[in-house]
Amino acid sequence: MIERKVIIKNPTGLHARPASLLVKEANKFKSEIMINKGGKDVNAKSILSVLSLGVSNGDEIIIKANGEDEKEAMDAIINLIETFVE
């Protein structure tokens with residue numbers, strides 16, 4: 001299992017469109033991918049779970065990946081979060 005902290009830089013946080021893109025990306029991988037904010041872990045492959053975190057601009061989240069393609073999954077998710085700006 002690997003994990004990385006990331007600061008959300010998107011002005012709208014992880015709401016609606018950015019959350020749906022993140023979920024779509026996460027579902028490309030076999031590994032379990034979780035997002036943690038404030039001690040709450042949610043499944044990154046579930047749009048309702050991601051939206052339930054209420055992640056805003058400037059929030060720190062922890063991405064956790066566990067499985068056979070965890071490194072590739074982590075790299076893709078982090079890249080998406082760091083480059084997506086609406």
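This is a predicted model: local features need pLDDT of at least 70, side-chain atom pairs count only at pLDDT 80 or more; totals for chains, interfaces and linings use all residues.
Residues are numbered from 1 along each chain as its sequence is written, and side-chain values use heavy atoms, with hydrogens and water left out.

I begin with the overall fold. The chain has three helices and four strands, taken as DSSP runs numbered from the N terminus (helices: H or I, at least four residues; strands: E, at least two). Their order along the sequence is β-α-β-β-α-β-α. The C-alpha trace spans about 35 × 25 × 20 Å along its principal axes. For 86 residues, a compact globule would have a radius of gyration near 12 Å, and the 11 Å of this chain agrees with that; the radius is taken over C-alpha atoms, and the rule is 2.2 Å times the number of residues to the power 0.38. Among contacts with a separation of 6 or more, 68% join residues 24 or more positions apart.

Buried residues make up 43% of the 86, where buried means under 20% relative accessible area, exposed over 50%, and partly exposed in between, with a 1.4 Å probe and protein chains only. The chain exposes about 4,600 Å², of which carbon and sulfur atoms supply 50%; these areas come from the Shrake-Rupley method with a 1.4 Å probe. There are 12 positive and 13 negative side chains, and the centres of the two sets lie 4 Å apart. Here Lys and Arg count as positive and Asp and Glu as negative, without His or the chain ends, and each charge is placed at NZ of Lys, CZ of Arg, CG of Asp or CD of Glu.

Let us now consider helix α1. Within residues 16–26, the buried positions are Pro18, Ala19, Leu22, Val23, Glu25 and Ala26. Seen down the axis, they fall within an arc of 160°, so they line one face of the helix; the arc is that of the directions from the helix axis to the C-beta atoms. The face turned away carries the exposed residues Ala16 and Lys24. What covers the buried side? The cover of these α1 residues includes β2 (32–37), α2 (47–52) and α3 (70–83).

Finally, Lys40, which lies in strand β3 (residues 40–43). Lys40 is partly exposed, at a relative accessible area of 41%. Beyond its neighbours within four places in sequence, Lys40 is in contact with Ile35, Ser52 and Leu53.

Conventions
Contact means heavy atoms within 4.5 Å.
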